[in-house]
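Colleague: I'd like to learn how you go through a new fold. Could you take me through this one, feature by feature?

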Amino acid sequence: MASTDSRLHQPPSQKDAADQNFDYMFKLLIIGNSSVGKTSFLFRYADDSFTPAFVSTVGIDFKVKTVFRNNKRIKLQIWDTAGQERYRTITTAYYRGAMGFLLMYDVSNQDSFGAVQDWATQIKTYSWDNTQVILVGNKCDLEDERVIATEDGQRLAEELGFRFFEASAKDNINVKHVFECLVDVICDKMNETMEEESNLTANHTNPQGFKDSSESNGACAC
C-alpha cells in the first residue's frame, strides 16, 4: 500500500474532528491487498497529494472529510486498512458499522485481483447486510504494465453485485468520483430503507389499507 509519510498516523485536524455540524456521518473502509495503493488513494482524495514512496500501513488509520451531497452535509470517516494477513484480525474488527467499502486491486498485479473474492467474503461475513461496495481497479495509469483487463474487472464486479471503477491515485483519475458515487449509493439506500419503514408503519396502523367510511363520499358503508 502506497503511503506518503507519518501524517496519516496523526489524528484528524482539530477543526475536522471537532466539527459536529453535519446531517450524517458515514464510516467508510478501503480494503484490499498490500501495495494496491489504498493509502495513496485516500491521500489523493483527502489532501489532493501524492508521492510514489511506499510505506506499509500498520494496522489501521483514518482521515475525516466533510462533503456536500444531495443538499446534505455529510461527514466521512474514512479508514485505511493494512492489507497484510497478520493485521486481518485487527482490520476486520472495524468492518462492523461501516456503511461503505472501496475494495481495491492493482490492475498491474494479478494476485491482488485474485484476492478480491476473499475480501468480498470478509465484507459479507463481518459487515452489515446493507453495506455498499465499489470495486476499484487502481493504478490504471500503468497501462504498459496492466495484466487485468478492464472487462475482467467489470465482469467480476457484476458477479459480486458491486459497482466498478478503474482509477489512478497518481494521475487523479476517478478518485473523487469513486467516493462521490459511494456516498450517493449509501444515501439512496438510506432513503429506500426509510421509505420501507414508513410503509410498514402505515400498514401496521391500517393493515388492510381501507379508507374510513366517512371518506367514502356519502356511499353506503354497509
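This is a predicted model: local features need pLDDT of at least 70, side-chain atom pairs count only at pLDDT 80 or more; totals for chains, interfaces and linings use all residues.

Colleague: In what order do the elements of the chain run from the N terminus on?

Modeller: They go α-β-α-β-β-α-β-α-α-β-α-β-α, with 7 helices and 6 strands in the chain.

Colleague: And how do the strands come together in a sheet?

Modeller: Two strands pair if DSSP finds at least two bridges between them. In this chain, 6 strands form an open sheet in the order 2-3-1-4-5-6, with mixed pairing. Strand 2 (60–69) and strand 6 (163–166) are the edge strands, each pairing on one side only. On average, neighbouring strands are turned by 25° against each other, direction ignored.

Colleague: Which strands does strand 1 pair with?

Modeller: Strand 3 (residues 72–81) runs parallel to strand 1 and is joined to it by 7 bridges. Strand 4 (residues 100–106) also pairs with strand 1 in the parallel sense, over 5 bridges.

Colleague: Is strand 1 largely enclosed or open, and how would I tell? What does burial say there?

Modeller: Buried means under 20% relative accessible area. Of the 9 residues of strand 1 (residues 24–32), 7 are buried, so the strand is largely enclosed by the rest of the structure. Over the whole chain of 222 residues, 45% count as buried.

Colleague: What about the other end of the sheet?

Modeller: Strand 5 (residues 132–138) pairs with strand 6 in the parallel sense over 4 bridges, and I134 has R163 as its bridge partner in strand 6. Helix 5 (residues 116–126) packs on the sheet, touching strand 1, strand 4 and strand 5, and its direction makes about 165° with that of strand 4. Helix 6 (residues 150–160) lies across strand 4, strand 5 and strand 6, at about 160° to strand 6.

Colleague: Which residues of helix 5 are buried?

Modeller: V116, W119, A120, Q122 and I123 are. Looking down the axis of helix 5, these buried residues fall within an arc of 155°, so they line one face of the helix. The face turned away from that buried side carries the exposed residues D118 and K124.

Colleague: Now the charged side chains. What's the general idea?

Modeller: Side chains of opposite charge can pair when their charged atoms come close. The count in this model comes to 10 salt bridges. One of them joins D48 and R44, at 3.1 Å from N to O, and R44 is buried at 14% relative accessible area.

Colleague: Which parts of the chain does the pair of D184 and R69 tie together?

Modeller: The closest N and O atoms of D184 and R69 are 2.6 Å apart. D184 lies in helix 7 and R69 in strand 2, so this pair ties together parts that are 115 residues apart in sequence. R69 counts as partly exposed, at 22% relative accessibility.

Colleague: And R146, where does its partner E166 sit?

Modeller: R146 and E166 form a salt bridge with closest N and O atoms 2.8 Å apart. R146 lies in the loop between strand 5 and helix 6, while E166 is in strand 6, so the pair ties together parts that are 20 residues apart in sequence. E166 counts as buried, with 13% relative accessibility.

Conventions
Residues are numbered from 1 along each chain as its sequence is written. Side-chain values use heavy atoms; hydrogens and water are left out. Buried means under 20% relative accessible area, exposed over 50%, partly exposed in between (1.4 Å probe, protein chains only). Helices (H or I, at least four residues) and strands (E, at least two) are DSSP runs, numbered from the N terminus. Axes are lines fitted to C-alpha atoms, for helices over the stretch in contact, and angles run from 0 to 180 degrees between N-to-C directions. Contact means heavy atoms within 4.5 Å. The arc is that of the directions from the helix axis to the C-beta atoms. A salt bridge is a side-chain nitrogen of Lys or Arg within 4 Å of a carboxyl oxygen of Asp or Glu.
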